[in-house]
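I opened a new structure today and kept notes as I went. These are the entries.

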Amino acid sequence: MVGFVPDGSIMKTFQGIAVSPGVVIAKAFLLEQFRERIPHHEVSGEFVPRELEMLEQALLDARTSLEEDRDRAEADLGREPAKIFEFHLGLLSDPALMDPVRDRIRNEAVTAAFAVSEAFSNLADRFRAMGSSVFREKTRDVLDLERRVIDHLLGKSQDRLAEITEPVVIITHEMTPMQAASLGETQVIGLASDFGGRTDHTSIVAAALGMPVVVGCQFLTEYIDEGDLVILDGNSGTVVVQPDEETIEQYRRRVRRQEETLTSITAASDLESVTLDGTHIHLMCNIEFPREIEAVLKYGGEGVGLYRTEFLYLSRTTEPTEDELYEQYANCLDLLDGRPLTIRTLDLGADKFTQQQAMEPERNPFLGLRSIRYSLQHLPQFKRQLRAILRASAIGPLKVMFPLITTMTELKQAKLVLEDAREELEDEGISTGSDMPVGMMIEVPSAALMASSFARDVEFFSIGTNDLIQYTVAVDRSNPRVASLYTATNPAVLRLVKAVLRAGKRRNIETSLCGEIAGDITYTMLLIGLGLRTLSLVPAQVPRVKQVIRRVDVKQCERLARKVGSFDSERRTLKCLQDELKTVLPELDGD
Ligand code: PEP
Ligand code: MG
């Protein structure tokens, strides 16, 4: 169960979904851009002219900042995308919207902030109520503009993160992956949100920053005030607001224990990743940014099994050039110092949008123009990335893989673009690696079921269970309301994983797994038992998974996989995996 757990005191406990382990105790910092309410507030008559003056100044400032943003967008992205700002500018100078605001301040002596907030909220409601989705989409623009004007009125910075001056826990309704990526350079030490799922991209990025993360708390932002003390427990998915002394002390002890455990397992980072019977289980890492390679090396990762390259495109308004991409990839290879790097081509769409994509919202983005589908419809961009990858393949061990392949045609098209890029480079006399392995991710049931056909055309498979689960059980991986259905223990998911492994073995190609379950020790024995010998996971999870690997033997894991394979219930499977894990890691009970 997620949500609020009443306990009768000022202290409140919320149960969410644990995403990234660790416990922190710090003040809450609310990052709530759209849900902040402006209270109804009247001023005495003498201050009405001042409120009117403040309104005009705020409108002027908002106009100036919009024009600056528009000019920047036009220079970076071109004239078409910059047009979005014309709608905002038009609204600001629309007398039908702004005159009633002025009248209300004059006649009712309300504050400018309240009058603006009311007028924009009403307009947003009207757009929301329109039948056409085009108008409904305008709601976000209206609320965005409201925020901009109010920020100018109240003198707030657009970027609240810049206000953080001490270690804090961010509390938010929902965050985009791009916002999560920007937390790395701040003093944020934890994150909790109302929305979100264990494996959505915001969670993945936040977890990669190494801080405790809890998502899907549902009503947290309604019960918490900025500055409240919170305990964030990323192990159990608990958030305690305004804890009492006894609870703080209890958690402090837990933090100390956690630090000791972490030190001891990290100290074991350079031990070999082998089972008791001597089978090597390769532990590669998932990264989103080259800077994470430091963690790959620190925690004993053998290389990068999944580089999610799209993040470079999200955190900026212009598309990176081929040279910039090349430099990024070359830098990764350099940092990896001979260890392999697997680059996944762009996985844009679904919950990761470039500025341009955000302007053309889709009704069901996870089922829409996402990933390889997007790349194949944006060939110049796709080819730029492939050229950069090919150039980098000349300087180190690099593999490339295509995400979300659903049909044979897509795979063939993607490979054709790759070949085309290679020929172009050869014609230009630019060197490329001669034997870069080309693989694909298995993330949808159609690919899993057709794996033996796909295996003829690729040199490796990487199973992406984060998506494979959501597309098999028809559950949005970011929706906390249906999170209990989203599980790799679903027998249908396990059968698909098995089918892929079987196909890969028959065709003699390597199959690895890079979904989040690769880093979850509950699954380690099962994955080995199913036949996986390469896993790719979050760097900080490597020591824990290795600890399990070093305490089991393959036969024991195969027995477990056979046993679990006979279950048709996910609960039974989960219970069986947890019980088996406790036999190899009895100390878990004390965590
Ligand atoms: C997956 O789907 O399992 C995967 C690794 O890709 P992502 O999490 O980036 O969608
Ligand atoms: Mg995926």
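**Ground rules.** I am reading a predicted model, where local features need pLDDT of at least 70, side-chain atom pairs count only at pLDDT 80 or more, and totals for chains, interfaces and linings use all residues. Residues are numbered from 1 along each chain as its sequence is written, chains are lettered from A and ligands numbered from 1 in the order in which they are written, and side-chain values use heavy atoms, with hydrogens and water left out.

**Metal site.** I looked up which protein donors the magnesium ion (ligand 2) has. They are Glu443 (OE) and Asp467 (OD), 2.0 Å from the ion. Glutamate 443 is in the loop between strand S14 (438-442) and helix H18 (445-449), and aspartate 467 is in helix H20 (residues 465-473), so the pair ties together parts 24 residues apart in sequence. Donors here are N, O and S atoms within 2.8 Å of the metal (3.2 Å for Na, K and Ca); water is not among the atoms, so sites may look incomplete. Helices (H or I, at least four residues) and strands (E, at least two) are DSSP runs, numbered from the N terminus. Glutamate 443 and aspartate 467 are both buried. Buried means under 20% relative accessible area, exposed over 50%, and partly exposed in between (1.4 Å probe, protein chains only).

**Aromatic pairs.** How many aromatic pairs does the structure hold? I found five. Rings of Phe, Tyr and Trp (its six-membered ring) pair if their centres lie within 6.5 Å; planes under 30 degrees apart count as stacked, over 60 as edge-to-face and the rest as tilted. One of the pairs is phenylalanine 14 with tyrosine 223: the centres are 5.6 Å apart and the planes at 55°, so this pair is tilted. Phenylalanine 14 sits in strand S2 (residues 12-15) and tyrosine 223 in helix H9 (residues 220-223), so they tie together parts 209 residues apart in sequence. Phenylalanine 14 is buried at 0% relative accessibility. Tyrosine 223 is partly exposed at 35%.

I then took phenylalanine 87 and phenylalanine 127. Their ring centres are 6.3 Å apart and the planes at 65°, so the pair is edge-to-face. Phenylalanine 87 is in helix H3 (residues 84-92) and phenylalanine 127 in helix H5 (residues 112-129), 40 residues apart. Phenylalanine 87 is partly exposed at 24% relative accessibility, while phenylalanine 127 is buried at 11%.

**Charges over rings.** The charged end of arginine 291 sits over the ring of phenylalanine 289, 4.4 Å from its centre. For this, NZ of Lys or CZ of Arg must be within 6 Å of the ring centre and within 35 degrees of the ring normal. Arginine 391 has its charged end over the ring of tyrosine 326, 4.4 Å from the centre.

**Loops.** Is glutamine 218 buried or partly exposed? At 24% relative accessibility, glutamine 218 is partly exposed. Glutamine 218 lies in the loop between strand S7 (213-215) and H9. Its phi is near 65°, a positive value in a residue other than glycine. Alanine 350 also has a positive phi, near 60°. I placed alanine 350 in the loop between strand S12 (341-344) and helix H14 (355-358). Alanine 350 is buried at 4% relative accessibility.

**Last entry.** Glycine 197 is in the loop between strand S6 (188-193) and helix H8 (201-208). Glycine 197 is buried at 2% relative accessibility. Its C-alpha atom is 8.4 Å from that of aspartate 476, 279 residues apart along the chain.
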